[in-house]
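Let's take a friendly look at rings, charges and a pocket. Please keep the sequence and the 3D view open as you read.

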Amino acid sequence: MPVLEPVPLPEYEGVTYISLRAFREKGPEQTIKDVKDFQSRETDVIICTYLKAGVHWLDEIITMLVNNTTTLASGTKGQRTLEGITELSVLDSLPSPRILNTHLSFKYIPTKHVQNKGKIVHMIRNPKDICVSLYHHARRDVVMNYDVPWETYFENWMSGKVFYGSWYDYELEMEEASLQYPGIIYTCYYEDFKREPKTQIRKLADFLEITVSDQILENIIEATSFKNMQSKKTDHTKFVNMKEEKGFIYRKGDIGDWKTHFTVNQNNRFDAQFKERMKNSKYTITFE
């Protein structure tokens, strides 16, 4: 995989994206149009998450459920990230069901997938931990090229000037979509998967209409533990970054790491904004 060099960050409709290969080669408008026009199959499963919400973990779990295996996949979810692929036709060769993923807002999800009532798995992670995790990732990843002080980054987060736009806009749009298209979006929570993986993976399997034995379930939990994936899973970031000798996708994965970064004032401001923006939401977010 060729090493990438820093380039200006792409923007589309007022939102900044990361400089994935498709954005670099086609530009943001064409990249997003191609995703919307993607010819989804009825059996496709699309994982939809905001950045740093657990997509690598969820992708591995779903891959194991679909294939009835407990072995970590040799590839990475980046090979199936819709907005990262220059020619989406390369996905035609994948057997069904294809497990795809995107961080794009719901309005950019393939039109045909929604028309087909295709399955969408949507994982939410508490935004304080996402804020911190994205900060560390953005400082090191060449496709983000965003090494700024924590204080500067925090202000950008508060104003929604971060990659893929505001967390609130993303999640509230997904919530509205779940009401508009009942039955196709399965929303789950990162923190629940950490605390009660057996229960949560069983529920996910039910949504995917997959029967899984207790033994396979236990083996999936062990194989997809953070420690095991951190030590054994291929981390694509080490191949595309010029300044990193090892990858950094799997940094901590903890619940509540935000406490080591937020000041009292920052936490109070964050809480006030969260309360206002999410006042009509039915999501149940836990921060610790």
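## Charges over rings

A charge sits over a ring if NZ of Lys or CZ of Arg is within 6 Å of the ring centre and within 35 degrees of the ring normal. In this predicted model, R125 lies over the face of Y190, at 4.3 Å from the ring centre. Have a look at K128 too: its charged end is placed over the ring of W258, 4.1 Å from the centre.

## Aromatic pairs

There are 24 aromatic pairs in the structure. One of them joins W150 and F262, whose ring centres are 5.7 Å apart with 45° between the planes, a tilted arrangement. This pair connects distant parts of the chain, 112 residues apart: W150 belongs to helix 6 (residues 150-158), while F262 is in the loop between helix 12 (237-240) and helix 13 (264-277). W150 has a relative accessible area of 9%, so it is buried, and F262 is buried as well, at 10%.

W167 and Y168 make an edge-to-face pair, because their planes meet at 85°, with the ring centres 5.2 Å apart. W167 is buried at 1% relative accessibility, and Y168 is buried at 3%.

One aromatic cluster includes W150, F262 and W258, along with Y50, Y135 and F270 among others.

## The second largest pocket

The second largest pocket has a volume of about 340 Å³. Its lining has 16 residues, and T63, N67, R80, L94 and I99 lie nearest the centre. Helix 3 (residues 55-67) gives the most to this lining, with three residues.

How values were computed: Residues are numbered from 1 along each chain as its sequence is written. This is a predicted model: local features need pLDDT of at least 70, side-chain atom pairs count only at pLDDT 80 or more; totals for chains, interfaces and linings use all residues. Side-chain values use heavy atoms; hydrogens and water are left out. On a 1 Å grid over the protein atoms alone, a cavity is a set of points where a 1.4 Å probe fits but cannot get out, and a pocket is an open set with protein on both sides within 12 Å along at least five of seven lines; lining residues have an atom within 4 Å of a point. Grid points are joined across faces, edges and corners, and a volume is the space filled by probe spheres set on the points. Helices (H or I, at least four residues) and strands (E, at least two) are DSSP runs, numbered from the N terminus. Rings of Phe, Tyr and Trp (its six-membered ring) pair if their centres lie within 6.5 Å; planes under 30 degrees apart count as stacked, over 60 as edge-to-face and the rest as tilted. Buried means under 20% relative accessible area, exposed over 50%, partly exposed in between (1.4 Å probe, protein chains only).
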